[in-house]
Amino acid sequence: MKYLIGLLICFFSIFSCQKKSYKEGIQSAEIISNTNEKLIDGITIDNTIFQKNDIDFKKYQYNNQYIEDIKIKDLLDKNYRTEFIKFLKETKTEDDEFKSTLVSQLLIIRMIQLSDVNAFYILSELSKDNDVAYNGVELYGEKLTKFFIENPLFFIQQGAKYHETTLLNSIFPQLDEFLVKQSFFKDNLGDIDLKNGQLFLFPDKEKEFSESFKRKISKFSTEECIFSPSLYTAWQNKTINFIDISPLFGEELLIKLNVFERNYFNQNIQNTLKGYIINSEKTASQSSYIIIDPDGYTNLRKDKNTSSEVLQKVKSGEHIEVLDNTGDWFLVKTKEGKEGYIHKSRIKSPKS
């Protein structure tokens, strides 16, 4: 019996080691798959990510080769990378500050165009140095944020693999420019029927994404928001549709993650996204009505005519309760509890 138990222990030990070696072998293969390539190899400089004129080729040399000609395998080497960082931080002239900029540009292009996992790792490692990050990745937080929204799976898988959050730290401060917080609608006099779990993209940001991404989200559901005059709408009444992009971070994404990647997502990304995910609270009850007036307010009157005494000025965007909607003048109650008449042309149902 002892002999049999010993054999079983030996078998499982060998199996575990082989399984571990196999997993490590896969990761190594991923890391070295394009190591003979130069930073410039395989990418297209076509103004879609960076303007050609903003990329300084044939300008900076390290070890007698231009930065764009440095090989991936060299940058994966820790010792080489340590010396390279020292080079990037040397500033004999003002232009030298932009050496980090060029490296970051090339690595970001490789990530976006090639989904290059090595570029992700190298950019993360270089950006751990604050001086390099200042003139590099911190300049391009917006571009990384767009790539993150389009390809969350890439960031989660690579971040989990390397236990890396450096790039996320450049992305999260930019999310306010792309994702809508629930308070936005109330702050800008918007009336919208919100549902639990929605995640909205600012409509004016949609055009900045890739064509394939725009086609993808065009199939997602939208919510109509009716805005009263405010700074956001240039003091006009506007109706704007917001696309719910929550499916990008929903079950379709989660089923692709292994347990380690899901833990990484929960610990490093989900809590930040919660600040933008809508809860079930609504900006207005379905039975309430909203005041819409180009002057920014309307008058609550004692009787059904414009000569009647003004009881209260009701601001555009405020919700009222309609007690009687017969005729041209509706009997209403304001949030302060005052009852009076408002002309029906100044009253709008949230559902209309």
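**Terms and their grounds**

Analyst: The largest nonpolar core has 69 residues, and those with the most contacts inside it are Phe84, Met111, Phe155, Leu179 and Ile245. The model is predicted, so local features need pLDDT of at least 70 and side-chain atom pairs count only at pLDDT 80 or more, while totals for chains, interfaces and linings use all residues. Residues are numbered from 1 along each chain as its sequence is written, and side-chain values use heavy atoms, with hydrogens and water left out.

User: What makes a set of residues a nonpolar core?

Analyst: The set must consist of buried Ala, Val, Leu, Ile, Met, Phe, Trp, Tyr and Cys residues joined through side-chain atoms within 4.5 Å. Buried means under 20% relative accessible area, exposed means over 50%, and partly exposed lies in between (1.4 Å probe, protein chains only).

User: Which helix gives the largest share of this core?

Analyst: Helix 4 (residues 99-114) does, with 7 residues. Helices are DSSP runs of H or I with at least four residues, strands are runs of E with at least two, and both are numbered from the N terminus. A second, separate core of 12 residues includes Phe184, Phe200, Ile240 and Ile278.

User: Why is helix 4 called roughly antiparallel to helix 5?

Analyst: The axes of helix 4 and helix 5 (residues 117-126) come within 9 Å and cross at roughly 150°. Axes are lines fitted to C-alpha atoms, for helices over the stretch in contact, and angles run from 0 to 180 degrees between N-to-C directions. Angles under 35 degrees count as roughly parallel, over 145 as roughly antiparallel, 65 to 115 as roughly perpendicular and the rest as oblique. The crossing angle therefore makes helix 4 roughly antiparallel to helix 5.

User: Which residues of helix 4 and helix 5 meet?

Analyst: In helix 4, Val103, Ser104, Leu107, Ile108, Arg110 and Met111 meet Ala119, Phe120, Ile122, Leu123 and Leu126 in helix 5. Contact means heavy atoms within 4.5 Å.

User: How do you know whether Lys195 is buried, exposed or partly exposed?

Analyst: Its relative accessible area is 40%, so Lys195 is partly exposed. Lys195 lies in the loop between strand 3 (190-192) and strand 4 (200-201). Lys195 touches Glu223, Ile278 and Asn279, not counting residues up to four places away in sequence.

User: What does Gly337 count as?

Analyst: Gly337 counts as partly exposed because its relative accessibility is 43%. Gly337 is placed in the loop between strand 11 (329-333) and strand 12 (339-343).
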